[in-house]
Structures are given as C-alpha cells and as structure tokens.
Amino acid sequence: MDTELILMQLFSGVALGAILVITALGLSIIFGMLGVVNFAHGALFMVGAYAGLWVASLTGSFWWGLLVAPIMIGVFGMAIEYVLIRPLYGRSIDDPLLLTFGLSYVLVEGVRIVFGSDGIPFPTPSSLTGVVDLGVGFFPIYRIFVVGVVFLVVVLLWLGLEKTKFGLIVRAGARDPTMMKVLGVDISKVWLLVFGLGVGLASLGGVLSGPMRSVNPEMGALVLAEAFVVTVIGGLGSLVGSIIAGLLVGVVISMTALFAPEMATIVMFALMAIVLLIRPQGLFGKLA
Amino acid sequence: MTSPALAVSPSASARKPARFRSLVTKYRVPLSILALCLLPWLLPSKALAVNVLIYGTVAVGYNLLFGYTGLLSFGHAAFVGTGAYITGIAIGQFGVPWYLAVLMGVIGGALLAFVMGALSTRTRGIYFSMVTLALAQLVYYVALQTPSWTGGENGLRGFTVNKINLFGFEINFLDPVNKYYVLMVFAALALWLVSRILNSPFGAAIEAIRENERRARTCGYNVERTKLLSFTLSGTICALGGTMSALHLAFVPLDSLHYLSSGMIVMMTLLGGASSFFGPFIGALVFLVMEDVFSLWTSHWQIIVGSIFVLFVLFLPKGIWGTFLTKVMR
C-alpha cells in the first residue's frame with residue numbers, strides 16, 4: 001500500500017470525522033447543560049438536511065440553505081424544549097430520552113409525508129465542485145470546505161463559551177443550576193437557548209453532509225448511533241472529548257475502509273467496546 | 001395510597017379494590033394463561049394474536065430489566081433477532097429439529113446478553129441506554145456484513161416448519177390456531193418464569209437496586225452481579241420471543257435487529273405500564289392493535305403511534321395498566 005493512498009484516506013477520515021464532531025458536539029452540549037440525552041438528534045440531523053435542501057432549492061443558492069436551515073431548525077428545537085421537554089424536568093432521567101425517541105418517530109414519518117420516502121440527491125454547490133491537488137493526490141474541494149466550516153464553528157463555540165458573559169453563565173449553570181437561580185439568573189432561558197444551539201449544530205451537520213451522501217428519511221438512524229459512539233468514547237458532556245473522539249472515529253472508519261471495507265461500520269463499535277473496558281467514563285469524561 | 005375519606009370510614013366497598021389487586025397478583029400466572037387461551041377468539045385475526053403472543057413475551061422479558069431493575073436498555077432487539085436468526089439457521093442450514101433449534105436460539109441469545117450485559121452494566125445512568133443501543137447496532141451490522149449466514153439485507157428465509165411432532169402426535173403447524181397454541185406454551189413458560197423470578201429474593205434485590213442503588217450496595221447486595229444476571233435473564237426471555245417469531249414467520253427480517261425494533265419494545269412496555277406484571281403484555285396488545293387499525297387508514301401509521309407515545313410519556317408515564325391500578329384500583 002503506498003503512502004499517498006493512505007494520506008488521501010486520512011484526509012477523507014478527517015472530513016468524515018468533522019461531521020461526527022459537529023453532531024456529537026450538539027448532543028454533548030445539550031447533555032452537559034440540561035442532563036438530557038436527545039434521542040431525536042439523528043432525526044433532527046435528517047430534518048436539517050431536508051431543510052437545507054428545501055431552502056437551497058427555493059432560493060437557488062446552497063449558501064442560503066447552509067445559513068438559514070440550522071437557524072430554522074434551531075428555533076424548532078427551542079420550541080421542542082419549551083413545549084415537550086420542559087414539563088419533564090425533575091422527573092426520571094429516562095423520561096426526556098423516551099420522549100425524544102417517540103419524537104424521532106414523528107419527525108421521520110413527517111418528513112416521509114412531506115418529501116416522500118425515497119432519497120433525494122443533494123447537489124454539491126457549483127463553486128465547491130471539483131478537486132484540488134494536495135501534493136499527494138487530488139482531493140474534493142467540498143470536503144476541505146466541510147473541514148473548514150466545522151473548524152470555524154468549533155472556534156466560535158469555544159470563544160463563545162470561554163470569552164463571553166453568556167458562555168460564563170452556561171458553564172456555571174452546567175455546574176450548579178440551583179446556585180445560578182439563587183444568583184437571579186433565569187436558567188430556563190439558558191436551557192432553551194442551549195437546546196436550540198445543540199439542535200442547530202445537528203442540523204448544520206445534516207446540511208453539510210448532504211452533498212457527501214444522498215438525503216433520505218432514514219439517514220438519522222446511523223447518525224444517532226455514530227454520535228452515541230463518539231460521545232461514549234470522548235466522554236459525555238466533554239466538548240474536547242467530542243472533538244478528539246469524532247476525528248478519531250472518522251479516521252479509524254476511513255482507514256478500515258481502505259483495508260477491510262466490510263468492517264468499516266463495525267470497527268467504531270468495537271473501538272467503543274474497548275474504551276468501555278479500559279475507561280468506562282470515556283477518554284475525557286469525569287467519574288460520576 | 002388511601003385518600004383521607006377512605007381512612008376515616010373504610011367501608012367494605014372501599015376495601016374491594018385492594019382485595020382485587022392482591023388476588024390478581026396472587027393468581028397472575030393462571031390469569032394470564034386464561035387470557036392467552038381466549039385471545040385468538042377476541043382479536044380480528046389469528047396472525048395478530050400470534051404477534052401479540054410473541055411481542056408480549058418479549059416485552060415481559062424486557063420489563064424485568066426496565067421496569068423492575070430500572071435499567072433502560074435500547075438494545076434488546078439484538079437478543080430477539082439473535083434468537084430468531086440462530087433458530088432459522090439451525091433449521092434451514094443444518095436440518096436441526098425445531099425444538100433443538102429453539103433451545104439453541106435461546107442459549108445463543110443468553111450468551112450474547114451476558115456479553116453485552118457485562119460491557120454495558122459497567123456504565124451508569126444515561127450512558128447505559130446509549131451503550132446498549134450502540135452494541136446492538138454492532139450486532140445489526142455484523143448480520144448485514146455476513147450474508148452467507150444471515151441473508152444480509154434480504155433477511156433469512158428457507159426454514160419453514162410445516163408440521164411438528166409432539167409425543168407421537170403430528171400437528172399441522174401451518175394452521176394458525178395450532179400454531180398459536182403451540183407457541184402459547186412457550187409464552188406461558190416465560191410468564192411463569194418471570195413471575196417466579198419476581199417472587200424470589202433476587203426479585204426483591206433488583207427492585208431494591210431500582211429504588212436506590214447506593215442503599216442496596218450498602219445493604220451488602222452485589223449490585224454489578226445482580227444487574228448482569230437481570231440483564232442476562234431479560235435477554236434470554238427476549239431471545240425465546242425471537243425464536244417464536246422465527247417459527248411463526250419462517251422469515252427473519254434484518255430490521256428485527258435494528259435499534260428501532262428495540263425502541264418498539266420500549267414503547268410497548270411503557271404504553272402498558274412498566275412497573276406492573278401485566279403492563280407489558282397489555283402494551284404489546286394495544287400497540288399491535290393500533291398498528292393493525294391505523295395501517296388500514298394510512299401507510300404513515302407511525303406518526304400516530306409516535307404521537308400517542310409522546311403523549312403517554314408526558315401525561316401517563318405509568319402506562320395503561322399502571323394508571324388503572326393507581327387511579328381506579330387503589
């Protein structure tokens with residue numbers, strides 16, 4: 001096997017991992033703040049991809065889809081938190097999980113009613129088609145663009161959480177919500193915004209991944225399992241963990257695809273099992 | 001839970017529900033077998049009755065872990081599917097007699113449940129649900145990638161059981177009524193086993209873990225081993241349900257391993273009521289009847305079932321039977 005092919009596959013892995021990173025970040029932020037595991041995360045990823053496609057075909061521009069769809073679905077996510085999840089705070093931790101699972105059924109079937117059951121191709125924007133010479137081989141421009149967007153979002157997220165007053169409130173609220181209430185912070189508004197942000201990240205992942213695979217109502221199922229694997233490996237609630245584990249899983253999948261294609265999907269679950277045996281709390285997780 | 005009015009004047013009629021409840025609990029196995037005997041004559045089709053039997057068994061087995069041990073698994077489809085696949089492969093590819101194939105399916109499912117349980121019970125709380133889901137997806141993708149054994153995406157076919165030999169009597173297994181009553185023996189066995197487990201000291205131990213894990217540990221229970229045993233027993237009963245479905249359909253769809261099938265088991269259990277013995281069976285009945293009725297109206301019946309489930313989580317978290325017991329029969 002020549003090194004050029006391996007390097008190319010490594011780049012592919014990073015692009016794949018970038019989508020995993022952004023999806024798992026959304027899941028992790030929601031859990032870290034609200035203590036809710038969003039089982040509708042994969043379905044919202046799928047809804048995001050459809051929303052992106054819809055806005056793009058309406059305006060004739062991929063860029064509007066990329067910009068508007070995550071905001072649209074993020075606001076929809078806020079509505080979900082306000083109407084459906086808010087009544088469940090203080091009840092068993094399983095209840096929001098069960099509710100979002102039921103919700104994913106409704107979302108998938110809703111998309112089937114509106115857009116049909118068959119997959120729809122998501123065209124790559126013309127300005128991002130083609131390949132670029134990386135010195136070792138030709139690589140699709142679109143995948144480089146995806147890595148760039150995810151990098152930008154991660155930096156913005158980090159700046160937002162570490163350098164702004166809102167970020168300070170979010171971090172403090174994740175640690176001790178009761179104390180934040182005592183200090184006069186309306187924590188429920190923070191939870192609303194954080195849930196919207198997490199869902200927005202999932203749908204951004206959906207729009208970005210659209211041109212890399214076709215869009216269909218079932219695409220969320222695999223995404224949810226992938227996001228779970230990444231967060232379990234990285235440590236639930238740890239943002240650094242999501243980023244590193246996302247890239248790791250992406251690279252491992254893509255390397256396995258090179259040597260044993262039939263093992264590509266299986267290998268990430270095996271990786272998770274190994275991490276569970278050695279560090280049950282995940283690579284960057286804290287012991288409960 | 002008695003209301004103040006009842007506490008002041010406990011009339012004979014007010015005590016009746018309590019007696020009803022204890023009688024139902026005492027005779028829960030004979031009562032459920034009686035109900036199962038009547039079921040095929042109450043439902044619109046015999047095929048629906050067989051499905052209720054299968055998924056009722058699966059849900060009752062699942063509830064040992066979810067309702068009684070308090071662990072929300074999203075991976076039990078792996079055991080149902082494994083039981084079904086092993087039975088199908090044993091009959092279709094090795095010509096094993098059907099009863100041995102059932103036994104092999106149950107043992108195979110139990111072994112898988114032991115391994116998955118050993119990995120997933122290392123984690124706590126919300127992690128557990130995610131890990132069981134991911135491990136079950138691993139089983140799904142293994143089945144997808146080994147088509148020479150499992151038939152891959154097309155599912156497993158070619159192991160029809162036409163007739164079975166019971167103590168010298170030959171029974172036509174294609175007749176739906178015969179099929180129902182043969183499979184009912186397995187379901188009754190599973191119900192008896194679960195009832196027996198719940199009445200044992202082990203049954204008290206799993207409920208103690210559900211109520212307060214730390215306290216159970218302090219009382220000297222080995223929490224990890226108890227959880228693992230509960231997981232394995234629950235997976236074993238689900239595998240039995242899987243072998244029943246393989247005999248019934250003579251077909252194992254790949255989707256039977258998917259986590260959405262696990263989710264269906266969870267939905268059935270919660271609809272009926274997770275903290276009660278009859279709840280899961282009633283949930284399976286209601287779910288399958290809803291599917292039967294709504295799918296006549298629309299191919300998008302899942303949106304109705306999903307919405308109903310969301311409403312149940314919000315407003316009736318104890319499910320149909322659980323709510324009936326606490327609100328009506330208190």
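Which residue follows α4(A), and is its phi positive or negative? The residue is G116(A), and its phi is positive, near 90 degrees. This is a predicted model. Chains A and B touch each other, with 33 residues of chain A and 35 residues of chain B in the contact.

**Where the chains meet**

- Three helices of chain B, α7 (125-145), α13 (259-272) and α15 (301-315), each give at least two residues to the side that touches chain A.
- α7(B) supplies the largest share of that side, 14 residues.
- By type, the side of chain B that touches chain A has 23 nonpolar residues, 10 polar and two charged.

**Chain B as a whole**

- Chain B contains 16 helices and two strands.
- Its radius of gyration is 20 Å, close to the 20 Å that the globule rule gives for 330 residues, so chain B is as compact as a globular protein of that length.
- Along the principal axes, the C-alpha atoms of chain B fill a box of roughly 70 × 45 × 45 Å.
- Of the 330 residues in chain B, 48% are buried.
- Take the contacts in chain B between residues at least 6 apart in sequence: 74% of them join residues at least 24 apart.

**Helix α9 of chain B**

- α9(B) covers residues 176-199, which is 24 residues.
- From first C-alpha to last, α9(B) reaches 34 Å, close to the 34 Å expected at 1.5 Å a residue.
- Its buried residues include K179(B), Y180(B), L183(B), M184(B) and F186(B). A187(B), A190(B), L191(B) and V194(B) are also among them.
- An α-helix has 3.6 residues a turn, so residues three or four places apart point the same way.
- The buried residues of α9(B) pack against α3 (28-42), α4 (46-68) and α12 (223-249) of chain B.

**Helix α4 of chain A**

- α4(A) spans residues 94-115 and has 22 residues.
- Its first and last C-alpha atoms lie 32 Å apart, close to the 32 Å expected at 1.5 Å a residue.
- The helix is mostly covered, with 17 of its 22 residues buried.

**The largest nonpolar core**

- This core has 188 residues.
- Residues with the most contacts inside the core are V194(A), V229(A), V249(A) and M272(A) from chain A, together with L53(B) and A134(B) from chain B.
- Helix α1 (residues 3-34) of chain A gives the most to this core, with 16 residues.
- Leaving out residues up to four places away in sequence, V194(A) touches I29(A), I30(A), M33(A), L34(A) and V170(A).

Methods
Residues numbered from 1 in each chain as written. Chains lettered and ligands numbered in written order. Predicted model: local features only at pLDDT ≥ 70, side-chain atom pairs only at ≥ 80, totals over all residues. Contact = placed C-beta atoms within 7 Å. Helix = DSSP H or I, 4+ residues; strand = E, 2+ residues; numbered from the N terminus. Nonpolar A, V, L, I, M, F, W, Y, C, P; charged D, E, K, R; others polar. Rg over C-alpha atoms; globule rule 2.2 N^0.38 Å. Buried ≥ 20, exposed ≤ 12 C-beta atoms within 10 Å, placed from the backbone. Expected span 1.5 Å × (residues − 1). Core = buried A, V, L, I, M, F, W, Y, C linked by C-beta atoms within 7 Å.
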